[in-house]
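Please read this briefing alongside the sequence and the coordinates.

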Amino acid sequence: MVKPTKQIIRPYGDRRDDGVVQLSFTLPVPLSEKAKEAAAQFAKKMGFSDVKVAAAERAADNYSFFIVYARSGMYIDYAEIDVPEVVIKKMGFDDLNAFIEKKVKRRIVVFGACTGTDTHTVGIDAILNMKGYAGDYGLERYPWFEAYNLGSQVPNEDLIAKAVAKNADAILVSQIVTQRDVHKDNSRQFIDVAKAKGLHGRVTLLLGGPRVDHKLALDLGFDAGFGPGTKPSDVANFIVHALLKRMGEEDPNTHYQGEPK
Ligand code: B12
C-alpha cells in the first residue's frame, strides 16, 4: 500500500499552527487568586506553555470553574488517522420514501428503545417520534417506515423478542448513561442475545447515544453507531442502504466507507 503523504496539523488559536488551545476544568477549591494560580500550574504540569487563565468563576460552594488558554508543542499527522465513519449520500424525505416504495416494495419495520437500566428517552424519541428533531421528521412520520418506540428501561430480551415477532428490519438501541461503562456492558449483552436469536447479519443493529461513535459500535458488534447531533434522516438513509445491501440491491452511488464486511 502506498503510504499517504504526511499532513501535519496543530491547533489554531490566533495564528495558523500556533498550537493555542482552550481548556476548561473545575478544581475543588473556592475561587481566589490562589485558585487561579493553581489552575495555571495545573495547565503547565500538563505540558502547556504561555498559560493564561482567561476566566474563573465560582461553580458551587468550594468549587471553581476555569477557562485557560495555553500553547501546546504537540502536532498530529492527519494522514495517519484512519477511522471508520458512516458516510452515505442522503436522500430527502420524499425521495427516500419513493425510493423505498420502488426498491423495497414494502414498509420497513424498525424497533427502538433505550435499554437496560437507562431512563433517558429523549435521544431515541428524537430519531423515532413523529415530530422528529432539529427540523427533521422522525421515522414514525415516514409512510414507508413502520416504527415502534418501546421507550426506556426496556430489557434487551424484550426489545429483541418484540422486534422478532414483527420481522423487524432494524433494531435501534439507545444508551445515554455511560457511568462505569454501563453502556458498553449493556450493549454487549444486547449483541449476545441478538446472536443467540440468529439476528446478527440478518437484521440491521444500530447503537446510538452521546458517547457512541461508529467505531465503538462496530467493535461492540453493531452495524453502525450514531452520536450527538444525529438526525432521523441519517438513520433512515442508513437503514434503507443496509437493507438494500442485504437484498443484493445496493445502489453503488450511495456507498459509504467503514461499513463492516
Ligand atoms: C434530560 C436528562 C435526564 C432526564 C431524562 C428524561 C427523559 N425522558 O429522557 C431525567 C431527569 C429522567 C434524567 C435522569 C438521570 N440522569 Co440524566 N440527563 C438528562 C440530560 C440533561 C439531557 C439528555 C438529553 O435529553 N439529551 C438530548 C438528546 C436529543 O441527545 P442524545 O440523548 O445524545 O441523543 C442524540 C444522539 O446521541 C443520538 N441517539 C441517541 N440514542 C440513539 C439511538 C440510536 C439507535 C440512534 C441511531 C441515535 C441515537 O440521536 C439523538 C439526536 O441527535 C443529560 C445532560 C445533557 N445535557 O446531555 C443528563 C445526563 C445524561 N444524565 C445523567 C445522569 C447521571 C442521570 C441519572 C443517573 C441521575 C441520577 N443520579 O438519578 C438519572 C438516570 C437514571 C437512569 N436509570 O437512567 C448524566 C449521565 C452521566 C454519564 N456519564 O453517564 C448526564 C450526562 C448529566 C450529567 N452531566 O451528569 N436525566
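The points below are grouped by topic.

This is a predicted model, in which local features need pLDDT of at least 70 and side-chain atom pairs count only at pLDDT 80 or more, whereas totals for chains, interfaces and linings use all residues. Residues are numbered from 1 along each chain as its sequence is written. Helices (H or I, at least four residues) and strands (E, at least two) are DSSP runs, numbered from the N terminus.

**Domains**
- The domain assignment of the chain gives domain 1 (8-76) and domain 2 (93-254), with bounds that come from an automatic or database domain assignment.
- Between the C-alpha centres of domain 1 and domain 2 the distance is 39 Å.

- An open sheet is formed by 3 strands in the order E2-E4-E3, with antiparallel pairing, where two strands pair if DSSP finds at least two bridges between them.
- Strand E2 (20-27) and strand E3 (49-60) are the edge strands, each pairing on one side only, and from one strand to the next the twist averages 20°.
- E2 and strand E4 (residues 63-71) pair in the antiparallel sense over 8 bridges, and Ser24 has Ile67 in E4 as its bridge partner.
- Helix H1 (residues 33-45) lies across E2, E3 and E4 and runs at about 135° to E3; axes are lines fitted to C-alpha atoms, for helices over the stretch in contact, and angles run from 0 to 180 degrees between N-to-C directions.

**Helices H4 and H5**
- Helix H4 (residues 156-165) packs with helix H5 (residues 182-196) at an angle of about 40°, and their axes are 9 Å apart.
- H4 passes H5 in a right-handed crossing, a term used if the near helix is turned clockwise from the far one by less than a right angle.
- Asn156, Glu157 and Ile160 in H4 meet Gln189, Phe190, Val193 and Ala194 in H5, contact being counted if the C-beta atoms of two residues, placed from the backbone, lie within 7 Å.
- By class, this contact of H4 with H5 has 4 nonpolar, 2 polar and 1 charged residues; Ala, Val, Leu, Ile, Met, Phe, Trp, Tyr, Cys and Pro count as nonpolar, Asp, Glu, Lys and Arg as charged, and the others, Gly among them, as polar.

**Ligand surroundings**
- The ligand is surrounded by 29 residues, of which the closest are Val122, Gly123, Leu172, Ser174 and Gly208; a residue is near a molecule if its C-beta atom, placed from the backbone, lies within 6 Å of it.
- Helix H3 (122-128), strand E8 (170-174) and strand E9 (204-208) are the elements that give two or more residues to this shell, and H3 gives the most, with 5 residues.
- The shell around the ligand divides into 14 nonpolar, 14 polar and 1 charged residues.
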